[in-house]
Amino acid sequence: MNTFFSIVVPVYNRPEEIRELLESLRKQDFKEDFEVVIVEDGSSESSERVVEGFQDKLHISYYYKSNSGPGDSRNFGMQRAKGNYFIILDSDCILPQQYLTEVDKELKREFVHCFGGPDAADQSFTTVQKAINYVMTSFFTTGGIRGGKKAVGKFQPRSFNMGISSEAFAKVGGFGRIHPGEDPDLTFRIWKAGFDSRLFPNAFVYHKRRIDWNKFYIQVNKFGMVRPILNTWHPGTARPTYWFPTLFMLGLGLSLVISFFGMWLPLMLYIFYFLVLFLDAWIKNRDIQVAFLALYAALTQFYGYGVGFLKSTILLTFSNKEPEELFPKLFFKKK
């Protein structure tokens with residue numbers, strides 16, 4: 001099929017992020033036409049003037065709507081887009097100039113109705129951003145689920161860098177109201193509808209997260225709470241590996257306790273793991289400070305996710321309430 005790309009970006013109080021993203025879109029080496037759809041999700045800091053500055057440089061549309069969350073805003077944009085293939089990006093992403101060319105190349109080589117691309121760190125990122133990016137993407141921490149070239153299990157695209165055909169969107173109805181977790185939920189429904197997904201390894205983005213340690217903990221804690229809900233909704237997708245962060249932290253605590261009684265082997269295995277993690281982060285980032293921060297980021301990630309996963313699993317197992325009643329902060333209200 002001849003593809004016409006519609007790039008859909010929800011934005012909430014981030015006008016400067018949009019400026020960086022649009023500037024990277026302006027510099028794409030892709031030779032065909034494409035459109036950009038910006039959806040302002042009830043922001044108090046409008047991006048409209050920034051978008052107006054690119055009207056003569058890009059085929060771009062701007063919409064303002066009341067706040068209803070990123071998933072609903074993406075649906076809003078796709079419903080108004082003119083293309084037959086939608087590319088969903090987060091507002092804090094910056095694209096390398098070959099991004100669209102790589103997407104087009106992959107679709108022509110082997111068409112797929114849903115794809116995801118890797119999450120990379122640019123040299124301009126802070127050490128904290130690089131450390132968090134490392135643990136979010138490393139095979140040794142997440143199994144590569146956010147776009148590594150090696151991933152555990154079938155690839156699940158993430159909405160910071162995700163493509164979906166207009167045909168698949170029409171069939172499944174787009175994103176749901178849960179957040180985070182709206183992207184794997186959509187992917188699972190795409191699979192159930194008979195479509196496939198694939199990683200495009202060279203279609204990476206620089207995901208410039210505006211984040212600190214507290215925000216990172218809150219984010220991964222929500223990821224942990226969401227996963228058992230998705231397992232309940234889509235039971236065939238549950239994997240034993242989702243228990244890893246919970247069991248990892250419980251095992252670490254136990255190994256510290258029994259080390260006081262002379263049983264050192266479990267703790268030595270943890271030390272070996274963290275050494276491997278440190279060396280891998282150092283080699284990949286070529287920065288020893290990032291490597292040290294990556295250890296702290298990994299512990300934050302495992303603890304935050306593990307606690308959230310365990311709490312959610314217990315509540316869903318022993319409560320008769322629906323997930324939306326148990327975790328109202330994970331759902332946007334219906335509009």
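This is a predicted model: local features need pLDDT of at least 70, side-chain atom pairs count only at pLDDT 80 or more; totals for chains, interfaces and linings use all residues.
In soluble globular proteins, nonpolar side chains tend to be buried together. Here the largest nonpolar core gathers 33 residues, and Leu22, Ile38 and Tyr99 have the most contacts inside it. At least two residues of this core come from each of strands S1 (5-11), S2 (35-41), S3 (59-65) and S4 (85-89) and helices H1 (15-26), H2 (48-52) and H4 (99-109). Beyond its neighbours within four places in sequence, Tyr99 is in contact with Gln28, Ile87, Leu89, Phe115, Asn161, Ala203, Phe204 and Val205. A second core, separate and made of 20 residues, includes Met136, Leu277, Phe278 and Phe302.

With 21 residues, H11 reaches 30 Å from its first C-alpha to its last, close to the 30 Å expected at 1.5 Å a residue.

Most residues other than glycine have a negative phi, and most peptide bonds are trans. Just after H11, however, Arg286 takes a positive phi of about 55°. Arg286 sits in the loop between H11 (265-285) and H12 (288-318), and is exposed, with a relative accessible area of 79%. Asn13, in the loop between S1 and H1, likewise has a positive phi, near 55°. Asn13 is buried, with a relative accessible area of 19%. A cis peptide bond, with omega near -5°, leads from His179 to Pro180. The loop between helices H7 (166-172) and H8 (182-192) is where Pro180 is found.

Finally, Arg227 in helix H9 (residues 213-233) deserves a look. Arg227 is buried yet has no salt bridge, and Asp183, the nearest side chain of opposite charge, is 7.5 Å away. Leaving aside neighbours within four places in sequence, the residues in contact with Arg227 are Gln156, Arg158, Pro184, Phe188, Tyr242, Tyr305 and Phe309.

Key. Residues are numbered from 1 along each chain as its sequence is written. Side-chain values use heavy atoms; hydrogens and water are left out. Helices (H or I, at least four residues) and strands (E, at least two) are DSSP runs, numbered from the N terminus. Buried means under 20% relative accessible area, exposed over 50%, partly exposed in between (1.4 Å probe, protein chains only). Lys and Arg count as positive and Asp and Glu as negative; His and the chain ends are not counted. A salt bridge is a side-chain nitrogen of Lys or Arg within 4 Å of a carboxyl oxygen of Asp or Glu. Contact means heavy atoms within 4.5 Å. A nonpolar core is a set of buried Ala, Val, Leu, Ile, Met, Phe, Trp, Tyr and Cys residues joined through side-chain atoms within 4.5 Å. The expected span of a helix is 1.5 Å times one less than its number of residues.
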